Amino acid sequence: ATIDAGSGGSTTDKCVYLCGNSLGLQPKRTQTRLNQYLATWATQGVQGHFKPLEGSPLPTWLDADERAAQLIAPIVGASEAEVAVMQTLTANLHLLMSAFYRPDINGKHKIMLESKAFPSDHFAVETQLRHHGLDPSTSMITLTSASSPEDNILTTSEIISAITAHASSTALLLLPGIQYYTGQLLDIPTITAHAHKHSIFVIWDLAHAVGNVPLHLHDWDVDAAAWCSYKYLNGGPGCIAGMFVHSRNSTVTRAITDEKPEEGYTNRLAGWWGNDKRTRFVMANKFHPVKGAAGFQLSNPSVMDITSLSASLELFHEAGGVGRLREKSVRLTAFLEELLLGEEGIVGEEESSLFRIITPRDPEQRGAQLSLMLKPGLLETVMRELEKRAVIVDERRPDVIRVAPAPLYNTFEDCIGFVEAFAAALKVARAERGT
C-alpha cells in the first residue's frame with residue numbers, strides 16, 4: 001500500500017496498511033468516477049437528476065441508488081429488490097427496529113444482543129427500548145460467553161441456548177455477522193433458523209462481514225440486516241450505508257392507485273424517496289412505497305457518496321465477487337497466523353509470550369481479521385513502534401491490535417512486513433518494561 005505524499009499527488013512513501021477493517025483504501029477508480037459526477041453537476045445542474053451526461057458511464061441521479069443496489073445485491077446474497085443503499089449503519093438499524101420491533105409488554109418485549117456489542121448498536125437498542133417506554137434493565141438481554149468470558153467468543157451452542165431460554169419474552173435478536181473486537185464470524189443461518197423457530201425477528205449488523213465473507217441473506221432466510229460501506233467495501237470515510245429487508249417483509253400488496261394508505265405494506269418511518277418513482281415527483285401526500293427495501297428510504301441520497309461506493313463495487317464485480325476474494329482471504333489470514341505463531345523465527349520466543357490471538361483458529365469462524373491481545377501495558381509502545389515502521393493497523397483499548405489483510409489490495413508481502421515490524425515493536429516494549 002502507498003501513502004499520498006500530498007504534494008503534486010505523488011506517492012513516494014510506502015507503508016504496510018492492514019486496516020481495511022476500519023477504513024478501506026481508496027480505489028484508483030474512485031477519483032475518476034467522482035470527477036465524472038462533478039462534471040455532470042457542473043454542466044447539467046438540476047437536470048442531472050433526469051438527463052444523462054453524454055460520454056459518462058454514470059446513471060442519472062434519480063437512478064443512482066438503483067444502480068448501487070444492483071451492485072451490492074450479489075455481495076450480500078440478495079435480490080436487487082431486497083437491498084437499499086441509504087443512510088448510515090446505526091440510522092438503518094433504528095429504521096429497521098422502528099418497522100419490525102413490536103413489543104408486547106405482557107409477552108415478547110425483550111431485545112437480545114451481545115454484552116460486548118459495538119457501542120453504537122448497544123445505544124441503538126437502549127434508546128429503542130426507552131422510545132417504547134421500556135426499561136433496558138428488564139427488556140434487554142446481553143449475551144456473555146461462559147466458555148470464554150474474557151474474550152467473549154460466543155459459541156453457536158451458547159447463542160442457541162440463550163435464545164431457547166428467553167424465547168417466551170424475546171421479540172428481536174440483534175447480532176453482528178462478524179464481531180468487531182474478536183473477529184469471530186457467527187453462524188448466521190443456524191442462529192437465524194433457531195430464532196425463527198421461536199418467532200423472534202432477527203436483524204444482523206454486517207459492518208465487518210459485508211465485502212469480507214460471502215453472504216447469502218435471502219437463502220439464509222435472514223429477516224433484515226444493515227451495514228456500513230467504509231470498511232471492506234472501500235466507499236470512503238462515513239460513506240453511505242445499506243440495508244437488506246427480506247422480500248416477505250417488504251411486500252407491497254395494494255395497487256398504487258389504492259386510496260387506503262394505511263394498508264398493504266409493513267408500517268415504517270417513511271420519506272419521499274421511499275415513494276414509488278412514478279409518483280415521487282407528483283408531490284401528493286399519499287405514500288405509495290417502492291416495492292422492496294427501497295421503500296424504506298427517506299430523503300434523496302448523497303449522489304457523491306453513492307458514486308464513490310459504486311466505484312469500489314465495480315471492482316468487486318470485476319474481481320469475480322466476494323466468493324473469489326474469500327479464497328485469497330483465507331490463504332492470506334492463514335499465512336499471517338502462521339507467521340505470528342510458526343517456527344519461521346520472525347517472532348522470537350520471548351516476544352511470542354507477550355501476545356495471543358483471540359480470533360478463532362478455524363477459518364470458517366473468522367473473516368480477514370486477526371485480533372491480537374497484548375499483555376497489559378504494551379499497547380501504546382507497540383502502536384508507536386509500528387507507526388515508526390510505517391505499519392498501519394487498528395487498536396482497541398485496552399490491549400487489542402486488530403490486523404486485517406484485505407484480499408482486494410493486500411498481499412502476502414504485506415503480512416511479512418507487518419510481522420517483522422510487530423516483532424521489532426514487541427522487543428522494544430519488552431525492553432522498556434524491563435522483562
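Helices here are DSSP runs of H or I with at least four residues, and strands are runs of E with at least two, both numbered from the N terminus. The model is predicted.

**Exercise 1. The whole chain**

Task: Find how many helices and strands the chain has, then check its radius of gyration against that of a compact globule.

Solution. 
- Step 1. Count the elements. The chain holds 13 helices and 15 strands.
- Step 2. A compact globule of 435 residues would have a radius of gyration near 22 Å.
- Step 3. Compare. The chain has 23 Å, which agrees.
- Step 4. Look at the box. Along the principal axes, the C-alpha atoms fill roughly 75 × 60 × 35 Å.

**Exercise 2. Inside, surface and charge**

Task: Describe burial, contacts, surface and charge for the chain.

Solution. 
- Step 1. Start with burial. Of the 435 residues, 54% count as buried.
- Step 2. Turn to contacts. Take those with a separation of 6 or more; 68% of them join residues 24 or more positions apart.
- Step 3. Take the surface. The accessible surface is about 19000 Å², and carbon and sulfur atoms hold 53% of this area.
- Step 4. Count charges. There are 39 positive and 49 negative side chains. The centres of the two sets are 3 Å apart.

**Exercise 3. The annotated span**

Task: Locate the annotated domain and give its helix and strand content.

Solution. 
- Step 1. Read the record. An unreviewed UniProt entry carries the annotation "domain: Aminotransferase class V" for residues 63–238.
- Step 2. Residues 63–238 are 35% helix and 16% strand.
- Step 3. Check the ends. The end C-alpha atoms of this span lie 22 Å apart.

**Exercise 4. Backbone exceptions**

Task: Say where the cis peptide bond from Arg397 to Pro398 and the positive phi values of Gln87 and Ala390 occur.

Solution. 
- Step 1. Most peptide bonds are trans, and most residues other than glycine have a negative phi.
- Step 2. Take the bond. From Arg397 to Pro398 the peptide bond is cis, with omega near 15°. Pro398 is in the loop between β14 (394–396) and β15 (400–403).
- Step 3. Take Gln87. Its phi is positive, near 55°. Gln87 occupies the loop between β4 (83–85) and α3 (89–100). With a relative accessible area of 28%, Gln87 is partly exposed.
- Step 4. Take Ala390. Its phi is also positive, about 60°. The loop between α12 (379–388) and β13 (391–392) holds Ala390. Ala390 counts as partly exposed, at 28% relative accessibility.

Technical notes. Residues are numbered from 1 along each chain as its sequence is written. This is a predicted model: local features need pLDDT of at least 70, side-chain atom pairs count only at pLDDT 80 or more; totals for chains, interfaces and linings use all residues. Side-chain values use heavy atoms; hydrogens and water are left out. UniProt positions are given in the numbering used here, feature names are shortened, and annotations may be inferred rather than shown by experiment. The radius of gyration is taken over C-alpha atoms; the globule rule is 2.2 Å times the number of residues to the power 0.38. Buried means under 20% relative accessible area, exposed over 50%, partly exposed in between (1.4 Å probe, protein chains only). Contact means heavy atoms within 4.5 Å. Accessible areas come from the Shrake-Rupley method with a 1.4 Å probe; for residues, only the protein chains shown count as cover. Lys and Arg count as positive and Asp and Glu as negative; His and the chain ends are not counted. The place of a charge is taken as NZ of Lys, CZ of Arg, CG of Asp or CD of Glu.
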